[in-house]
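Open the model in your viewer and keep the selection tool at hand. The tour goes stop by stop.

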Amino acid sequence: MKKTTGMDRAKTSNWRPATRAVRGGTWRSEHGETSEALFLSSGYTYDDAQTVADRFAGEAEGMTYSRLQNPTVAMLEERIALMEGAQACRAQASGMAAMTAALLCQLSTGDHVVAARAAFGSCRWLVDNLLPRFGIETTVIDSAVNEQWDAAIRPNTKVFFFETPANPTLDVVDLHYVCGLAKSRGITTVVDNAFATSALQRPLEFGADVVAYSATKLMDGQGRVLAGAVCGSEEWMNEVLLPFQRNTGPNISPFNAWVVLKGLETLGLRAHKQSENALELGRYVEARVPRILHPGLPSHPRHKLALSQMDAVGPIFAFDVQSRAKAFAILDALELIDISNNIGDARSLMCHPASTTHASMSEEARAEMGVTEGLLRINVGLEDVQDLIEDMDQALKAAGF
Ligand SMILES: *Cc1c(COP(=O)(O)O)cnc(C)c1O
């Protein structure tokens, strides 16, 4: 008898998380390969004309064109869905393709969106620039104040959009409260879960409707490919996202999907070990600098909330060293940690958000969001934390801390 493949949802949904991460979505060809096959094919052939007619009519299963389905991409989607506890997932070309699709697929002129002010720069660009161009109203709020979510709701509010923890200020949103509020008012919640991933936080368990990802970050985890994903209910996927995605084509390449599939096998291990390293390095940095933003430390205003909704708080934190000059002095003195604006990588990477990831925003928007001139953000990797502490020590000293 054939062994269960990772595509059999009735069986795989009983698997525990670690098993899902390694085997979920595996769909073996007749060769019985152990590692998932890479199907670099844009099209498909058919034994007879009726077969393809049935597939196009939706009456038979099977591939027709890689903008619609691809076996390697389907394996990635099934694995991400299983890990997220979602009924369905669709992979995307990048995190921003995922965010754009998750918003535009369900919004129309006259709708209103409430979004968190602390967000990845391009996510803020969607909210501040792209959506208003199509007559979609947006309100940006302090996502860490529950009452602001209530106060921002209008009769035409269709979507809540936020990250938690947020990039780069590590604001934490109360998932239970905000998702519950949205549900009670018929609003769809779209959560950008890039900083945590399903290994550390599963927003659907708190009542979120849609979880969207940059899989470029922790899911790949080794800084190799751009990738994204959108998770939700089967019904939402089929009726809302799929018509948009299939006709606009923000598809991931099968090669990139294959790389992320490999990354998912070790996601849990990496996310937990990097979180541990980030906590240890964070405690060290906290004693040396004026201000740190780290949800794993009691000094974070929502430390307890973060611990209650996350299994571990993730590899990223930020700290403020008062001026751009001091921030640059620290970056320039680093010997091991790289200057890089990427995150989720197994390597430790540090950047100055005000001059990089958030440089395209207005100064007022940056100030309102808490992206100060002295803010540095670090992604803590898998190196020995003692080496990271020593590098940070000499860099802080070089900048006079
Ligand atoms: C990186 C990032 C994105 C964008 O993802 P890309 O894969 O770079 O397109 C969106 N949201 C958050 C929180 C991110 O960190």
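How far apart do the C-alpha centres of domain 1 and domain 2 lie? They lie 24 Å apart. Before you select anything, note that this is a predicted model, where local features need pLDDT of at least 70, side-chain atom pairs count only at pLDDT 80 or more, and totals for chains, interfaces and linings use all residues. Residues are numbered from 1 along each chain as its sequence is written, and side-chain values use heavy atoms, with hydrogens and water left out.

**Stop 1: the two domains**

Select 88-253 for domain 1 and 267-398 for domain 2. These bounds come from an automatic or database domain assignment. Now show the contacts (heavy atoms within 4.5 Å). On the domain 1 side, 34 residues touch 41 residues of domain 2. About 2,900 Å² is buried between the two domains, and carbon and sulfur atoms give 61% of that. Buried area here is the accessible area (1.4 Å probe) that two parts lose on being put together, summed over both. Next, pick L170, L200 and L218 in domain 1. They lose the most area to domain 2, together 22% of what that side buries.

**Stop 2: charges across the interface**

Two salt bridges are counted between domain 1 and domain 2. A salt bridge is a side-chain nitrogen of Lys or Arg within 4 Å of a carboxyl oxygen of Asp or Glu. By class, the side of domain 1 that touches domain 2 has 17 nonpolar, eleven polar and six charged residues. Charged means Asp, Glu, Lys and Arg; nonpolar means Ala, Val, Leu, Ile, Met, Phe, Trp, Tyr, Cys and Pro; the others, Gly among them, are polar.

**Stop 3**

The whole structure holds 21 salt bridges. Select E368 and R124: their side chains form one, at 4.0 Å from N to O. Then go to R79 and E265, which pair at 3.8 Å, N to O. Finish with K11 and D8, whose closest N and O atoms are 3.9 Å apart. K11 is partly exposed at 45% relative accessibility, and D8 is partly exposed at 29%. The cut-offs are under 20% for buried, over 50% for exposed and in between for partly exposed (1.4 Å probe, protein chains only).

**Stop 3**

Select C105: the nearest cysteine sulfur, that of C231, is 13 Å away. C105 is buried, at 14% relative accessible area. Move to C231, which is buried at 0%. Its closest cysteine sulfur, in C89, is 4.0 Å away, too far for a bond.

Terms used: Disulfide = S-S within 2.5 Å.
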